[in-house]
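My notes follow the structure.

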2 protein chains.
Amino acid sequence: MAIEKKIDCVILGLLSHEDLTGYEIKKRMDTSLKYFWGASYGSIYPALGDLVERGLANKRDGTENKRNKIIYSITEAGRNYLKEWLQNPVEKDELRYETLLKLFFGSEGGAVQAMAHINAFQEKIERELPYLTSAANTLRNYIDTDDAHKYYLLTVEFGIKTYRAYLEWCEEAKAILGEENK
Amino acid sequence: MAIEKKIDCVILGLLSHEDLTGYEIKKRMDTSLKYFWGASYGSIYPALGDLVERGLANKRDGTENKRNKIIYSITEAGRNYLKEWLQNPVEKDELRYETLLKLFFGSEGGAVQAMAHINAFQEKIERELPYLTSAANTLRNYIDTDDAHKYYLLTVEFGIKTYRAYLEWCEEAKAILGEENK
DNA sequence: CATAAATATATCAGTATGATACATGAAACA
DNA sequence: TGTTTCATGTATCATACTGATATATTTATG
């Protein structure tokens, strides 16, 4: 079990809602999914070819004017594959925070440097949080128009709650680092 | 800039505190660092060889009895390399939460299934949180014995704050999913 | 009307994972 | 006392993914 390649599952998940090109899939990754998942062209395009070969997706020509364009859609087999993956237990939730890594080794660089990393982190979170709260508001307004909105809202709320916790931590962390001059 | 391979930096960071074998490095990854970073043998052993070749680490024989053992230590050049990486701005903080991915596509699997994923997530967090709080207490008790303890505490506090936020979110998420029967 | 930005597909070197193989030493148990 | 399990220890490999880049066309912008 658990032989599913993640990239296949994400793509099928996106295709289960709408037909998309590889480029559009990448855009979804960089907007809706970017707070908890990522994927590069180097994994998307080969995976799309693979999915078609295995009968989990179909491709059709969507060329308009001169620009070539390949639109992918999910097949019945693809939908079953996705559903099976969805019902399997989660294998791994993983954080990869370079900020924490640098702080862990912070004694080697000193408090000023550590403080700078915390401030940079704080600014990034403060910059991004408004997008999450506004997304949550929008989703709440249109919660009844599509069943999927409820599930999108769950992930956005996760972001909001954790981002607020991050900001609290930033203040505490700076306080801990400042304690040396007591 | 930013040509540093992460695995090199983590290893040098660990070696900056104490001499270690590859096996011990892996153990540190799976305990102290596991909440925000990970690494496999497949990256550790090749990286160690590389670091020695580049003069950033030294290896010496630590064989006891019949068991062969290679102990690595950081060189002066390695310490400089580490310090440079530490002062460079953070490139990327990344979440890879399969739980959120499955929830995002939750409308395909339904509320019962989504609820199960949330519960599994909640149980995992509740199981792990006590280790973090106890680690924080220990570190607080020995905060003055080693400058590094302060920095370790920062990362543990990060874990505690975010884990508590996760638990709050679990309750809210289940409430949102339950709203259909209003 | 030029030029910058967005759309679109595709590949590749480099990096990391996860699983596994192999071997020894220590501890548990019976 | 023997045996079996667990911890220590080094190492490799197929597979997966990233980040950067190449190429080309269309749409916006000043």
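I first looked up the relation of α1(B) to α3(B) in this predicted model. The axes of helix α1 (residues 6–15) of chain B and helix α3 (residues 41–53) of chain B cross at roughly 80° and come within 10 Å of each other. Angles of 65 to 115 degrees count as roughly perpendicular, and α1(B) and α3(B) are therefore roughly perpendicular to each other.

I then listed the residues that make this contact. From α1(B) I noted Ile7(B), Asp8(B), Ile11(B) and Leu12(B); from α3(B), Ser43(B), Ile44(B), Ala47(B), Leu48(B) and Leu51(B). Sorted by class, the contact of α1(B) with α3(B) has seven nonpolar residues, one polar and one charged.

I next turned to DNA strand C. Which residues come nearest to DNA strand C? Of the 24 around it, I recorded Tyr45(A), Lys69(A), Ile70(A), Lys66(B) and Arg67(B).

Sugar or phosphate accounts for 68% of the atoms of DNA strand C within 4 Å of the protein, and bases for the rest.

Finally, I noted backbone approaches to phosphate oxygens of DNA strand C. A polar backbone atom of Tyr23(A) is 3.0 Å from one. For a backbone N or O atom of Gly38(B) the distance is 3.3 Å, and for one of Ile7(B) it is 3.5 Å. Ile7(B) also belongs to the contact of α1(B) with α3(B).

Note on methods
Residues are numbered from 1 along each chain as its sequence is written. Chains are lettered from A and ligands numbered from 1 in the order in which they are written. This is a predicted model: local features need pLDDT of at least 70, side-chain atom pairs count only at pLDDT 80 or more; totals for chains, interfaces and linings use all residues. Side-chain values use heavy atoms; hydrogens and water are left out. Axes are lines fitted to C-alpha atoms, for helices over the stretch in contact, and angles run from 0 to 180 degrees between N-to-C directions. Helices (H or I, at least four residues) and strands (E, at least two) are DSSP runs, numbered from the N terminus. Angles under 35 degrees count as roughly parallel, over 145 as roughly antiparallel, 65 to 115 as roughly perpendicular and the rest as oblique. Contact means heavy atoms within 4.5 Å. Ala, Val, Leu, Ile, Met, Phe, Trp, Tyr, Cys and Pro count as nonpolar, Asp, Glu, Lys and Arg as charged, and the others, Gly among them, as polar. A residue is near a molecule or strand if one of its heavy atoms lies within 4 Å of it. A polar contact is a pair of N or O atoms within 3.5 Å; within protein, one must be able to donate a hydrogen and the other to accept it, and residues adjacent in sequence count only if both atoms are side-chain atoms.
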